[in-house]
Amino acid sequence: METPTWPRVPCPEAAVARMLLLGWVLLQVAGASGTTEVVVAYNLTWKSTNFKTILEWEPKPINHVYTVQISPRLGNWKSKCFYTTDTECDLTDEIVNDVNQTYEARVLSYPADATDYSGEPPFTNSPAFTPYMETKLGLPTIQSFKQVGTKLNVTIQDARTLVRRNGTFLSLRDVFGKNLSYTLYYWKASSTGKKTAKTNTNEFLIDVDEGESYCFSVQAVIPSRKSNQKSPESYTECTHHKKEMLLGIVIVVLVAVILTSILSVTLYKCRKVSAQQSGKESSPLNAA
């Protein structure tokens, strides 16, 4: 005999549970759709000249902000440029303490209301950066120059850096020592054929043709590097040998003319005074 089949009666508890589960899922979907997507930074690039060091990246933020972290290799992360809308961060203060160290940085992305953000933010790592080997050399400066006869003396002024020792900013020479050299490019002002001279000091003394004017520029070089070996060339300076001689002659002539004029005026006044005194002595005395 077959067992009769009774119609199923819905269970109120199960229905409530399913409704609650469906509501929770809908809330999660609605919350996710209402959140702002955080854009991750890209194209992280180190920009460094004479140890002035800035990390740059893209893109410009719209609904998010950035925080930068830097660390020596195998060291602890230190945060800089908190919740910034900029796309660069000056990290000079962190790298000048040890320019031989290799550093890593990363850019963390947060929603615009980052103060209420909890959780691990997405981030992008930068390439490793060793300041001593990678900072670019800035434009060198010609401190002084002088051409005397067949000798041209050129003195270079070392650029100052932001690296400190005992509270004093160091020059490139202080940091690199004999690893830093200079190349001098020089040529006659009347021609374009360049010659070169090199030195591991800050001074050049080269042979030139007497009576000729010369132009020159200098370039800082670190030969031991594989990249960023050379600085841009300095501004061009020129001697003006013939003009200097002419100027000297003109000055001498002017001084001679001035002295002659002064002497003539002085003699004229002296003679005039003498003549007046002689006239008084030769005039008859007034009667009493």
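This report describes the aromatic rings of a predicted model and the charged side chains placed over some of them.

## Basis of the values

The model is predicted, with local features needing pLDDT of at least 70 and side-chain atom pairs counting only at pLDDT 80 or more, while totals for chains, interfaces and linings use all residues. Residues are numbered from 1 along each chain as its sequence is written, and side-chain values use heavy atoms, leaving out hydrogens and water.

## Aromatic pairs

The structure holds six aromatic pairs. Rings of Phe, Tyr and Trp (its six-membered ring) pair if their centres lie within 6.5 Å; planes under 30 degrees apart count as stacked, over 60 as edge-to-face and the rest as tilted.

One of the pairs, Trp46 with Phe129, is stacked, at 4.7 Å centre to centre and 10° between the planes. Trp46 belongs to strand β1 (residues 42–49) and Phe129 to the loop between β7 (123–125) and α3 (131–134), so the pair ties together parts 83 residues apart in sequence. Helices (H or I, at least four residues) and strands (E, at least two) are DSSP runs, numbered from the N terminus. Trp46 is buried at 12% relative accessible area, and Phe129 is buried at 2%. Buried means under 20% relative accessible area, exposed over 50%, and partly exposed in between (1.4 Å probe, protein chains only).

Ring pairs also link Phe51, Tyr132 and Phe176 into a cluster.

## Charges over rings

Arg106 lies over the face of Trp77, 4.2 Å from the ring centre. Lys194 lies over the face of Trp187, at 4.9 Å. A charge sits over a ring if NZ of Lys or CZ of Arg is within 6 Å of the ring centre and within 35 degrees of the ring normal.
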